[in-house]
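Thanks for asking for a few notes to go with this entry.

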Amino acid sequence: MEKPAPLGYGLGLRPIYYEEILSSRPPIDWFEIISENYMLAGGRPLAMLERIRADYPVVMHGVSMSLASTDPLNFDYLRQLKALAERVQPAWVSDHIAWTGVHGVTLHDLLPIPYTRESLAHVVERIQRVQDFLKRRLVVENASTYVSFVDSEMSEHEFVREMAERADCLLLLDVNNVFVSSFNHGFDPVAFIDGVPADRVVQFHMAGHTNNETHRVDTHDQPVCDEVWALYEHARRRCGDVSAMIERDDNYPPLAELLDELQNMRDIDARISKEQALSAA
Amino acid sequence: MKLADFQSLFQQRVLAGSGEADKPLLKKLRPSPRGATPETLLDVYQTGYRIRLADFVSQDHPGLRAILGDETFDGLVDDYIDQCPSRDPNARWFTTGLPDFMRENARWRDDGAAVSMALFERAMVDAFDSADETPVTVQALAGFAPDDWARLAFEFDPSLTLLELVAGTIEAYSAAISEEAPAKVDKPAAGDHIEYAAVWRVDHESAYRQLEPDEYVALSEARAGHAFGDICQMTAFQQAGEIAPERLAQSLSSWFEDGMIIGVRVRGDDQSSNTPSSA
């Protein structure tokens, strides 16, 4: 499997950190942008992005492709996305296994689907069309979900594996999403990670979530919790050298706290590398 | 159930909340292994949707919240979300229809001060991410012969919007966004009094300035492409007496200083206009 080279340890680029990033050049290897936030005619967001991408690799992460929607693919959106990709020259472009609305409405959320053969064929066909249009392999992420369906004919990780192989796409493994969904639906998160095709995983997302006791919600407004760090270690052992990053979208801490989380990733990875070197010796 | 039917049901639940129509959807849900009720789990999507959209409106309309107060503002946002579901994949565009919704909706259209603030704030948001252009300085005029000055026409930054507002809108907005912003700002009295404003972007930030009536007319005409000399000949400025040309020159200078002008050209005879639109 031909994959983009790993980028190291990255951060979701958010406006609140623009100035500090530009002035202090923190030890961050790359940035992920939310594509839609830069699909604009001009102004500060694009100006900041131009300055930051001059010094750092950038990847584009979208939330509105609506790959699982039964509405027609939105080619106006895809044209804007393609134009942004031509401008930004990202290492890759990603979006989610989700739908965001039907009948022309958009709910600005990553909505769940039953994991059926019909859903699978539908999503695979749309990923292939998007890849043809963008002329690049798409990176597709597992979303957090809060409900699951009796109509599902396969597990989520079986769906992800089949989808990736049939559409010949790459994968963004959101470790926090695996944990949140496994808690909400009662599946084994380790089995999920073991079930996805590791050779197609090019990126990890790490984030915090909200624990409501009976369910957890993917809010990106907390530090990464211990259970997700443990799952990260497992994902790293299984998938090897994969670009990893922290997503934070609310309750923003000082940048230093996010740098500490990146350092935690580095420490875990260094420990794994050391163990692997010792066992190979 | 076909995927399309499932998605229609699910979306209806998110848009309308719980009700009789949910029954087919509820039958499709697996029970939560943690004991969460189906209603609770579906509400994650429904409340998330409404909170997200309300947050977009709040971010773009601090002045409107300040003059309406939290309760009335939240009522407006609820009405808008209920009646105008988002249709653009980019959340940036959700709020852009708010002033039009207010003008067309029986509950809000008579609140002239609120509509005025919504229009002003939409212009601020639109200016923020409009197309990039490079302003020119007043030095650009040095390249033209004095004989051409009367025929000079100006190109303005695409972010520039000119607004006719309820008097007091700008002052209320300034109070709402000031560092010591009070919880509530007095709503301007919506009467016959109006004020004029220019909104544009400079140094990556939206900017605004109140305009005197004559400057508003001059700027409107200049932006419409009329030559400086033609604007000076307008009835409005002729009636203003001898100081009019001097005031117009001051206005032109400030447009340069404010970064509103991105180009200067000599208007050709074939384009000259002796009848500017609002003369």
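At what angle do H6(A) and H8(A) pack, and how far apart are their axes? Please bear in mind throughout that this is a predicted model.

1. Let us take that helix pair to begin with. H6(A) and H8(A) pack at about 120°, and 9 Å separates their axes. The two helices are therefore oblique to each other, and the crossing of H6(A) past H8(A) is right-handed. On the H6(A) side, the contact is made by Val175(A), Asn176(A), Val178(A) and Phe179(A). H8(A) contributes Glu227(A), Val228(A), Leu231(A), Tyr232(A) and Ala235(A). Sorted by class, the residues of this contact are 7 nonpolar, 1 polar and 1 charged.

2. Now stay with H6(A), and look at its surroundings. The helix covers residues 175-185 of chain A, and 10 of its 11 residues are buried, so the rest of the structure largely encloses it. Those buried residues include Val180(A), Ser181(A), Ser182(A), Asn184(A) and His185(A). The buried residues pack against several elements of chain A: helices H5 (156-167), H7 (189-195) and H8 (226-239), together with strands S6, S7 and S9 (216-217).

3. A parallel pairing of 4 bridges connects S7(A) with S6(A), residues 170-174. Within that pairing, Asp174(A) has His205(A) of S7(A) opposite it. S7(A) also pairs with S10(A), residues 243-246, again through 4 bridges and in the parallel sense. There, Gln203(A) faces Ser243(A) of S10(A).

4. Leu78(A), Lys82(A) and Ala85(A) of H3(A) meet Val130(A), Phe133(A) and Leu134(A) of H4(A). The residues of this contact comprise 5 nonpolar, no polar and 1 charged.

5. Next, the place where the two chains meet. How many residues of chain A are in contact with chain B? There are 40 of them, and they touch 40 residues of chain B. On the chain A side, the elements that give two or more residues are helix H2 (44-53) and helix H4 (117-134). By class, this side of chain A has 18 nonpolar, 17 polar and 5 charged residues.

6. Crossing over to chain B, you will find an open sheet of 3 strands in the order S2-S3-S4, with antiparallel pairing. Why is one side of S2(B) and of S4(B) left without a neighbour in the sheet? S2(B), residues 161-166, and S4(B), residues 205-211, stand at the edges, and each has a single partner strand, so one side of each lacks a neighbour there. On average, neighbouring strands are turned by 30° against each other, direction ignored. S2(B) pairs with S3(B), residues 194-202, in the antiparallel sense over 6 bridges, and Leu163(B) has Ala197(B) in S3(B) as its bridge partner. Packed on this sheet is helix H7 of chain B, residues 112-128, which touches S2, S3 and S4. The direction of H7(B) makes about 160° with that of S2(B).

7. Ala127(B) lies in helix H7 of chain B. Is Ala127(B) buried or exposed? Ala127(B) has 23 other C-beta atoms within 10 Å, and because 20 or more such atoms count as buried, Ala127(B) is buried. Apart from neighbours within four places in sequence, its contacts are Ser159(B), Thr161(B), Val199(B), Trp200(B), Arg201(B) and Ser206(B). As for Ala172(B), which is 45 residues away along the chain, its C-alpha atom is separated from that of Ala127(B) by 19 Å.

How values were computed
Residues numbered from 1 in each chain as written. Chains lettered and ligands numbered in written order. Predicted model: local features only at pLDDT ≥ 70, side-chain atom pairs only at ≥ 80, totals over all residues. Pairing = 2+ DSSP bridges. Contact = placed C-beta atoms within 7 Å. Nonpolar A, V, L, I, M, F, W, Y, C, P; charged D, E, K, R; others polar. Axes fitted to C-alpha atoms, helices over the stretch in contact; angles between N-to-C directions. Buried ≥ 20, exposed ≤ 12 C-beta atoms within 10 Å, placed from the backbone. Parallel < 35°, antiparallel > 145°, perpendicular 65-115°, else oblique. Left-handed = near helix turned anticlockwise from the far one by under 90°.
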